Amino acid sequence: MNMKVASGMSIFSQLKFPLYISLTLLTGWAALAQADGRINNVITVGVAPHGGYVILGGSVIPLKEVTLSAQMPGRIVNIAGEVGEEFTAGSELVKINDDDLLAKKSAAEAQLASAQNAMQNAQVQYNRELWNPRVYNPRPMAGMGMPAMFDDFFDGDNDFMPGSSGGNKSIERHADLVTQGTQVSSARSRIKEAESGLREINAKLRDTKAIAPFDGIIMKKMVEIGDTVQPGQPLIVFSYSKFLRIKVDVPARLMPGLSKGMIVPARLDVGNTEVNARVALISPIADSRQHTVSVEFDLPEGVPGGAGMYAEVMIPDVSSPTHALPVIPKSAISQRGSLPSVRVLDYENVPRMRLIRTGIEIGDETVVVLSGLEPGERILTNGNDIKTPIPWDN
């Protein structure tokens, strides 16, 4: 929906009684042919339904806001900027001293390298046992192989020894393979253990940095360089303030008049700026003590001011009696002087100038008239193009 500042005088100051202007226009414009050559287009003033409204105060808040807290104990060694400075997503905002963790990381990397070397050696020994079994090919030893010769002589497979039973070398080979395989598994486990320790240290190193989760600005700093912090201690407040919202606690009795996506008039405390705000978020529960519901309204991009300023919104009250106000196209309004005016046709089809007070805009082409016109009157829509002086209506 189009969100524009209402033309004319402030609707907050024009109404003595709370009236809410509905954003639904009743059609009924009727073009009439006129005999006067100065008149090219005439319409009949239509009406728009409206009911009561209540003006509620609230605060402007950023669209998103987070409080970044310390995840590791230590001393603050760097803060990226001051309050109000902008940063992109992923920027390092706060840094905690990490010298101790860096030392532990070096030790963990050395432990991982040692485990990988042990794994390589165990794998080589297993492959040698697999393709060159020790029981069938005794390993050569120093001393001209005498120990190995005596081993063979007294081995059960030695057919020259009395009582030799021949033995079973396949069982011995299986035992040797299991032994070498166990060493490989142990080496693999040590590698996993070293890698897990290294990942843990890297995670702690990441926790020594407060990273911007989105594009935004620093709203508040709770620490300075040199401060010692503990886990959970707040560091900075970071917010996304390109788009702003108004947060209002709405009485529960007014909630039937609000729905998500609805457009309501609002006024900002900076220069009494009037804008249209859109209902963005309605809390699903009410406050049990105040009996109010938290409602957030989206503001147009580029509004003056910032988070924390005071604002007011006009909340419709569906329980109040309904009335109707005149609605005219903006092309019928002449801005000569401090007040807007229109050219009204009398019963003789003679145009006369008349001052009016306007309210909120409805769409791009029409505006509500708070005073000066009655439904059913006829006005010119091309009055801005008429050069001939027109008398003022008495």
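Colleague: Which residue does the side chain of K221 meet in a salt bridge?

Modeller: This is a predicted model, in which local features need pLDDT of at least 70, side-chain atom pairs count only at pLDDT 80 or more, and totals for chains, interfaces and linings use all residues. Residues are numbered from 1 along each chain as its sequence is written, and side-chain values use heavy atoms, with hydrogens and water left out. A salt bridge here is a side-chain nitrogen of Lys or Arg within 4 Å of a carboxyl oxygen of Asp or Glu. At 3.4 Å from N to O, the side chain of K221 meets that of E224.

Colleague: Is K221 buried or exposed?

Modeller: Buried means under 20% relative accessible area, exposed over 50%, and partly exposed in between (1.4 Å probe, protein chains only). E224 has 43% relative accessibility, so E224 counts as partly exposed. The relative accessible area of K221 is 17%, so K221 is buried.

Colleague: Which residues are linked with R278 in a network of salt bridges?

Modeller: R278 is partly exposed, with a relative accessible area of 31%, whereas D298 is buried at 14%. The network of salt bridges links R278 with D298, R245 and E296.

Colleague: Why are K104 and D100 separated by about one helical turn?

Modeller: K104 and D100 form a salt bridge, with 3.6 Å between the closest N and O atoms. K104 is partly exposed, its relative accessible area being 44%. The separation is about one helical turn because both residues are in helix α2, at a spacing of 4 residues.

Colleague: What separates the C-alpha atoms of D98 and T208?

Modeller: D98 sits in the loop between β6 (92–96) and α2 (99–131), and it is buried, with a relative accessible area of 14%. Leaving out residues up to four places away in sequence, D98 touches L205 and T208 (contact means heavy atoms within 4.5 Å). D98 and T208 are 110 residues apart along the chain, and the separation of their C-alpha atoms is 6.8 Å.

Colleague: What is the relative accessible area of S239?

Modeller: S239 lies in strand β10 (residues 234–251). S239 is buried, and its relative accessible area is 0%.

Colleague: Over how many bridges do β8 and β10 pair?

Modeller: Two strands pair if DSSP finds at least two bridges between them. Strand β8 (residues 216–221) is joined to strand β5 (residues 86–87) by 2 bridges, running antiparallel, and E86 has I217 as its bridge partner in β8. K220 stands opposite V237 in β10. β8 and β10 pair in the antiparallel sense, and the number of bridges is 4.

Colleague: What is the phi of N349, a residue other than glycine?

Modeller: N349 is in the loop between β17 (340–345) and β18 (351–355), and its 27% relative accessibility makes it partly exposed. Its phi is positive, near 65°.
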